Amino acid sequence: MGKVAFAKAFPGRLIEWELAIGKTIEKVVSFETGQMGMVIFSDGTFIATPSPNPQPADLIRLLLLARPDLIRFWKEAFDQLDQWIAMDHEMQKKARLQNIIGAIENNLPQIPELKEALEEVLKNLPANRSCS
């Protein structure tokens with residue numbers, strides 16, 4: 001939720017087209033599909049297009065896509081966004097781990113051979129396989 005709130009309040013983000021009146025367009029970036037993009041103005045402000053209020057995931061993707069053009073204006077904000085993204089990834093990883101452990105604990109009483117199967121899987125993991 002923090003990452004989404006931060007992205008929605010990202011410095012320089014315009015949420016109404018009327019706020020772009022009189023501004024000079026510097027660049028337009030868009031997704032590969034061309035269905036969504038961002039208009040970047042010469043003062044570092046920007047607006048998503050076609051809707052200035054895209055879904056949070058799309059807004060974050062647009063910010064990352066426009067990063068090379070906006071970083072000179074909003075470096076600290078991008079540093080914070082990177083921190084939010086890293087924290088979100090770490091939380092997702094921990095949640096997956098807890099789900100796996102919970103599934104094992106819940107199924108072990110009904111499937112006693114699960115313990116041996118897990119030990120075998122772990123024993124047979126390739127030595128060069130990253131476990132991070």
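Predicted model: local features only at pLDDT ≥ 70, side-chain atom pairs only at ≥ 80, totals over all residues.

Modeller: Setting aside neighbours within four places in sequence, Leu81 has contacts with Phe6, Phe10, Leu63 and Leu64. Leu81 belongs to the largest nonpolar core, a set of 20 residues, and is among the members that touch the most others there, together with Phe10, Met38, Ile40, Phe46, Leu63 and Leu70. Helix H1 (2–8), strand S2 (37–41), strand S3 (46–49) and helix H2 (56–107) are the elements that each supply two or more residues to this core. The most comes from H2, which gives 10 residues. Apart from this set there is a second, separate core of 5 residues, including Leu14, Ala20, Val39 and Phe41.

As for the rest of the chain, the protein has 3 helices and 3 strands, in the order α-β-β-β-α-α from the N terminus. The radius of gyration is 22 Å, well over the 14 Å that the globule rule gives for 132 residues, so the protein is more spread out than a compact globule. The C-alpha trace spans about 70 × 30 × 30 Å along its principal axes. Buried residues make up 27% of the 132. Among contacts with a separation of 6 or more, 55% join residues 24 or more positions apart. The accessible surface is about 9100 Å², and carbon and sulfur atoms account for 58% of that surface. The side chains include 15 positive and 17 negative ones, and the centres of these two sets are 2 Å apart.

Conventions
Residues numbered from 1 in each chain as written. Heavy atoms only, no water. Helix = DSSP H or I, 4+ residues; strand = E, 2+ residues; numbered from the N terminus. Rg over C-alpha atoms; globule rule 2.2 N^0.38 Å. Buried < 20%, exposed > 50% of the residue type's maximum accessible area, 1.4 Å probe, protein only. Contact = heavy atoms within 4.5 Å. Areas by Shrake-Rupley, 256 points an atom, 1.4 Å probe, with all protein chains shown as cover. Lys, Arg positive; Asp, Glu negative; His and termini not counted. Charge placed at Lys NZ, Arg CZ, Asp CG, Glu CD. Core = buried A, V, L, I, M, F, W, Y, C linked by side-chain atoms within 4.5 Å.
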